[in-house]
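Please go through the model below by question and answer.

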Amino acid sequence: MSRPGPAASCAGPNLIRTERATFTGPARVLADDEHRAGVGAYLADLTRPFGIEPHAEWSGQSYGEMAASLLATTVAEPVDLLVLAFSVHDLWPGRATAAYLSRVCPGTPMSFALCDQGRAAAFTGLRVIGAYRPRRALLIVVEQASVPYDSPATPPARHRGVAMLFGDGPGSPVTGVHQYPDVAPDAVAGLTRAGIAELSTGHDEVCVVLGDGLAAAWPGHPDYTVVPAGQPATGAWWQLAEHLNGPAELVVVADYDPQLRYLCLTGFGT
């Protein structure tokens, strides 16, 4: 899936467990000389049409390895749906990672991979889960910090992943997901205020977590929690885990992708 739909709102199941992790070093699979040579050849083919070459020394992470590690600490019971959300490609290009994760996840769930949506990918994952209404679903958001060739895009600061298990047990209910495509920078502030107000209806104590993309596009925002820069895909969800057990009745997570012009908001009851 490559693009969010028009502005939409949908509630989802309860968020019943979260896990997050920072990963260090290169992917284990790159220690295999044959596999590393194959990836190097793939990267050379990928970059040649653009007049660039892979770096002489390169490394990176495998989302399969990262997500499997998160999965092992998050899931103990069968899952019906697994959604993998990412932006930067990983260093195992020949593997269908979502299908691999379905095989190693309890329940052998139906799986989706969401990419090419930047900061919107995880929000779209919430909409997929809300639309299918599975008994139990797992959303895994991952990003790796190494782009092994020259690119104008700034890579993430760290290899990080966040896993969120949803189900019908006790937890934090998803109160709604709003996604707006093609939002001009000068419309971000007004649309975000309206979205926060709508999601906050009926709640007195609300914590708002702004992704760094939205905070930069809305410099006059109130004194909300702002995600530190450097983790565009995982940063907001990393912060969410810290606020679910706080005093607020509702946690609103919001972010804006300035390149793709997607504005996304979601709410979690606490």
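Q: In which strand is the place of Tyr-262?
A: Helices (H or I, at least four residues) and strands (E, at least two) are DSSP runs, numbered from the N terminus. This is a predicted model, where local features need pLDDT of at least 70 and side-chain atom pairs count only at pLDDT 80 or more, while totals for chains, interfaces and linings use all residues. Residues are numbered from 1 along each chain as its sequence is written, and side-chain values use heavy atoms, with hydrogens and water left out. Tyr-262 has its place in residues 262–269, strand β10.

Q: Is Tyr-262 buried or exposed?
A: Buried means under 20% relative accessible area, exposed over 50%, and partly exposed in between (1.4 Å probe, protein chains only). The relative accessible area of Tyr-262 is 5%, so Tyr-262 is buried.

Q: How far apart in space are Tyr-262 and Ala-184, C-alpha to C-alpha?
A: In sequence, 78 residues separate Tyr-262 and Ala-184. In space, their C-alpha to C-alpha distance is 9.0 Å.

Q: Which strand is joined to strand β1 by nine bridges?
A: Two strands pair if DSSP finds at least two bridges between them. β1 (residues 14–23) also has two bridges to β6 (residues 172–180), running antiparallel, with Leu-15 partnered by Ser-172. The nine bridges are to an antiparallel strand of residues 159–167, where Phe-23 has His-159 as its partner and Thr-22 stands opposite Arg-160. That strand is β5.

Q: How many bridges does strand β4 form with β5?
A: β4 spans residues 136–143 and pairs with β5 in the antiparallel sense. One of the pairs is Ala-137 with Phe-166. The number of bridges is eight.

Q: Why is β5 largely enclosed by the rest of the structure?
A: One side carries His-159, Gly-161, Ala-163, Leu-165 and Gly-167, and the other Arg-160, Val-162, Met-164 and Phe-166. Both faces are covered. β5 is largely enclosed because its buried residues number nine of nine.

Q: At what angle do the axes of helix α2 and helix α3 cross?
A: Axes are lines fitted to C-alpha atoms, for helices over the stretch in contact, and angles run from 0 to 180 degrees between N-to-C directions. The axes of α2 (residues 63–74) and α3 (residues 97–104) come within 10 Å. Their crossing angle is roughly 30 degrees.

Q: Is α2 roughly parallel or roughly antiparallel to α3?
A: Angles under 35 degrees count as roughly parallel, over 145 as roughly antiparallel, 65 to 115 as roughly perpendicular and the rest as oblique. With axes crossing at roughly 30 degrees, α2 and α3 are therefore roughly parallel.
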